[in-house]
Amino acid sequence: MSDDYKIPQHVAVILDGNGRWAKKRHMPRNFGHKAGADNLEQVIEDAWDLGIKYFTVYAFSTENWKRSVEEVTGLMTILRDFLRRSIDKANKNNMRVRIIGERSRLDADIIDAIDKLEEATKDNTGLQFNVALNYGGRDEITRAMKKIAKEVKDGEISPEDITEDYISEHLDTADIPDPDLLIRTSGEIRISNFLPWQIAYSEFYFCDTLWPDFNKDSLKEAIDYYNGRDRRFGGV
């Protein structure tokens, strides 16, 4: 690896293809979601091994509630198990876990598990792992605007105080650097309402690999692609 080879500080991933992975095996969709969750635990370790400092995944969107009751119920069961096991695994690996998204629609026991996980890992200094749950980019920006509008109404700030940085500070990702690289698996080429504010200057990498099959070599290929990009941020 050459001296000028760059590891992206922050990688965001749209975990796509679990359902198709299961269908290819003549299994129900939640079989694929379970395989995807198991794979995520390994890829998180791979990301840290490669030198990535922030890793953000799109686990459940505000639109995913439209799926069948059976699939949503299965996803929530997988989520409960993932949250339960994450405290020990995260602390063992010195990993900090944060959940982004609007929590109020989640069941009380899931919210409680999120709070416990974040509290238990808040002082860890290794990989910062961010999970987007009941997350939608437009919803996030709307919630931020409501907070800022209230501050203006209450006389805490004036409209002139509202800058890009000020808006960023009111998003779920406050104090997390913007992603350098966005990966989407399974061949779909869209961002699906994921971090629209934060990925303004991210590099995009789309691959046909279904998420349960995505591994360390897949991640290296994405980073190789990232290194082939000329990131000018609007300059020449």
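Is Tyr205 buried or exposed in this predicted model? Tyr205 counts as buried, at 12% relative accessibility. The legends below take the views in turn.

**View 1. The open sheet of the predicted model has 6 strands.** The strands are arranged in the order β3-β4-β2-β1-β5-β6, with parallel pairing. β3 (96-100) and β6 (203-206) are the edge strands; each has a single partner, so one side of each is left without a neighbour in the sheet. On average, and ignoring direction, neighbouring strands of this sheet are turned by 20° against each other.

**View 2. Strand β1 pairs with strand β5.** Residues 10-14 form β1 and residues 181-184 form β5, and the two run in the parallel sense over 4 bridges. Opposite Val13 stands Ile183 of β5.

**View 3. Helix α4 lies across β3 and β4.** The helix covers residues 108-121, and β4 covers 128-135. Helix α4 runs at about 145° to β3.

**View 4. The largest nonpolar core has 40 residues.** Leu40, Phe55, Phe129 and Ile183 have the most contacts inside this core. Helix α3 (residues 69-92) gives the most to it, namely 7 residues. A second, separate core has 10 residues, among them Ile14, Ala132, Leu182 and Ile199.

**View 5. Trp21 and Phe31 form a stacked aromatic pair.** The count of aromatic pairs in the model comes to 9. For Trp21 and Phe31 the distance is 5.8 Å centre to centre, with 20° between the planes. Trp21 belongs to helix α1 (residues 18-24) and Phe31 to helix α2 (residues 29-50), so the pair ties together parts that are 10 residues apart in sequence. Trp21 is buried because its relative accessible area of 11% is under 20%. Phe31 counts as partly exposed, at 35% relative accessibility.

**View 6. Tyr205 and Tyr225 form a tilted aromatic pair.** The ring centres are 5.3 Å apart, and the angle between the planes is 55°. Tyr205 in strand β6 and Tyr225 in helix α7 (residues 216-227) are 20 residues apart, and the pair links distant parts of the chain. Tyr205 is buried at 12% relative accessibility, whereas Tyr225 is partly exposed, with a relative accessible area of 35%.

**View 7. Tyr58, Tyr135 and Phe194 make up an aromatic cluster.** Ring pairs link these residues.

Methods:
Residues are numbered from 1 along each chain as its sequence is written. This is a predicted model: local features need pLDDT of at least 70, side-chain atom pairs count only at pLDDT 80 or more; totals for chains, interfaces and linings use all residues. Side-chain values use heavy atoms; hydrogens and water are left out. Two strands pair if DSSP finds at least two bridges between them. Axes are lines fitted to C-alpha atoms, for helices over the stretch in contact, and angles run from 0 to 180 degrees between N-to-C directions. Contact means heavy atoms within 4.5 Å. A nonpolar core is a set of buried Ala, Val, Leu, Ile, Met, Phe, Trp, Tyr and Cys residues joined through side-chain atoms within 4.5 Å. Buried means under 20% relative accessible area, exposed over 50%, partly exposed in between (1.4 Å probe, protein chains only). Rings of Phe, Tyr and Trp (its six-membered ring) pair if their centres lie within 6.5 Å; planes under 30 degrees apart count as stacked, over 60 as edge-to-face and the rest as tilted.
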